[in-house]
Amino acid sequence: MTDLYAYTDGACSGNPGPGGWGALMQAKEGGKVVKERELKGGEADTTNNRMEMLAAINALEALERPSSITIVTDSAYVKNGVTSWIFGWKKNGWRTSSKKPVKNVDLWQRIDAAQQRHTVTWEWVKGHAGHPENERADELARAGMAPFKPRKSK
């Protein structure tokens, strides 16, 4: 039996500012990694929350067929949003309990659609705490941001 994991992270230089997202995709058999894929990207003007969300979205959208996958994120915003808050937002026409429009609604709708094809388990890990796969996802996010950061003059 193969277990699929996506370790996701986002990064931003300034908030808003240039940002990047990264996802480390792993297929494991008996706890041993048998296949691995790295995804990354970025934007010139974004926020950390948007990059955290895009990491998870791109991991889900990269799956070619319906799959069971565990998404591991260090973003409480993403995990709580997708496992709890999103149900009320959808029921309220994508408005918060205080009737305000949901921030990042475009990405929440995209993540909602992306996970419909799959069986997704969401896990939260503490960021920057030595979790090897989370650290790699962070490196990918920073690499995804690099092309959008202004060059420093000498």
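Helices here are DSSP runs of H or I with at least four residues, strands are runs of E with at least two, and both are numbered from the N terminus. With that in hand, the chain reads β-β-β-α-β-α-α-β-α from the N terminus on, which comes to four helices and five strands.

This is a predicted model, in which local features need pLDDT of at least 70 and side-chain atom pairs count only at pLDDT 80 or more, while totals for chains, interfaces and linings use all residues. Residues are numbered from 1 along each chain as its sequence is written, and side-chain values use heavy atoms, leaving out hydrogens and water.

Here are some values for the chain as a whole.

| Property of the chain | Value |
|---|---|
| Span of the C-alpha trace along its principal axes | about 55 × 45 × 30 Å |
| Share of buried residues (under 20% relative accessible area, 1.4 Å probe, protein chains only) | 45% of 154 residues |
| Share of contacts (heavy atoms within 4.5 Å) with a separation of 6 or more that join residues 24 or more positions apart | 67% |

Is Gln26 buried or exposed? Gln26 has a relative accessible area of 4%, so it counts as buried. Its side chain makes a polar contact of 2.7 Å with that of Glu36; such a contact is a pair of N or O atoms within 3.5 Å, one able to donate a hydrogen and the other to accept it within protein, and residues adjacent in sequence count only if both atoms are side-chain atoms. Leaving aside neighbours within four places in sequence, the contacts of Gln26 include Asp3, Tyr7, Val33, Glu133 and Arg136.

Technical notes
Buried means under 20% relative accessible area, exposed over 50%, partly exposed in between (1.4 Å probe, protein chains only).
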